[in-house]
Amino acid sequence: MELYSDQYFMNLAFQEAEAAFERDEIPVGAVIVTNNKVIARSHNLTQTLTDVTAHAEMQAITSASSFLGGKYLRDCTLYVTLEPCNMCAGALYWSQISRVIFAAEDTHRGYRKFNTPLHPKTKVAFGLMAERSTALIQSFFESKR
């Protein structure tokens, strides 16, 4: 795997998703990168924090904004293991993030199902390591049954 490739950074997001799984959180992980440097790492914390807004993306946006000292995430890329929901898409819109790359599509709650726009300048790609994400999420929910 090439250092600093999309796959490299998505693997880091998967490390976060696996940490969420271990904490009994829905296993979604995210990293935000600028200039090949990770400036935020996060995973779902909704159960831990008893906060429905504590999605991996929201945690990463807050952390990256703090790191940069500003609210805009221009020249940044979000790598996330599952398609963002409406709430996260709204936050990504306002952050003006440059790129969003997500692994698995969320056909039930993903932002695209509801036609939620991202910022017009945000580039989106998906499908990278989607099977791995789907398998991890399915494993989590199977363990709950």
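Predicted model: local features only at pLDDT ≥ 70, side-chain atom pairs only at ≥ 80, totals over all residues.
**View 1. A two-stranded hairpin, β1 to β2.**
Strand β1 covers residues 29–34 and strand β2 covers residues 37–43. If you want a spot to start from, look at T34, whose bridge partner in β2 is K37. Two residues sit between the strands, and N35 in that turn shows a positive phi of about 50°.

**View 2. Helix α1 alongside helix α4.**
Here we've got α1 (residues 6–22) and α4 (residues 130–144), with axes that come within 11 Å and cross at roughly 5°. Angles under 35 degrees count as roughly parallel, so α1 is roughly parallel to α4. On the α1 side, the contact uses N11, F14, A17, E18 and F21. Facing them from α4 are R132, S133, L136, S139 and F140. Sort these contact residues by type and you get five nonpolar, three polar and two charged.

**View 3. The largest pocket and its lining.**
This pocket comes out at a volume of about 630 Å³. Its lining takes in 24 residues, and the ones nearest the centre are I26, L82, D106, R109 and I137. Two elements, α3 (86–95) and α4, each give two or more residues to the lining. Helix α4, already seen packing with α1 in the previous view, gives the most here, with five residues.

Technical notes. Residues numbered from 1 in each chain as written. Heavy atoms only, no water. Pairing = 2+ DSSP bridges. Helix = DSSP H or I, 4+ residues; strand = E, 2+ residues; numbered from the N terminus. Axes fitted to C-alpha atoms, helices over the stretch in contact; angles between N-to-C directions. Parallel < 35°, antiparallel > 145°, perpendicular 65-115°, else oblique. Contact = heavy atoms within 4.5 Å. Nonpolar A, V, L, I, M, F, W, Y, C, P; charged D, E, K, R; others polar. 1 Å grid on protein atoms, 1.4 Å probe; cavity = no way out; pocket = protein on both sides within 12 Å on 5 of 7 lines; lining within 4 Å. Points joined across faces, edges and corners; volume = space filled by probe spheres on them.
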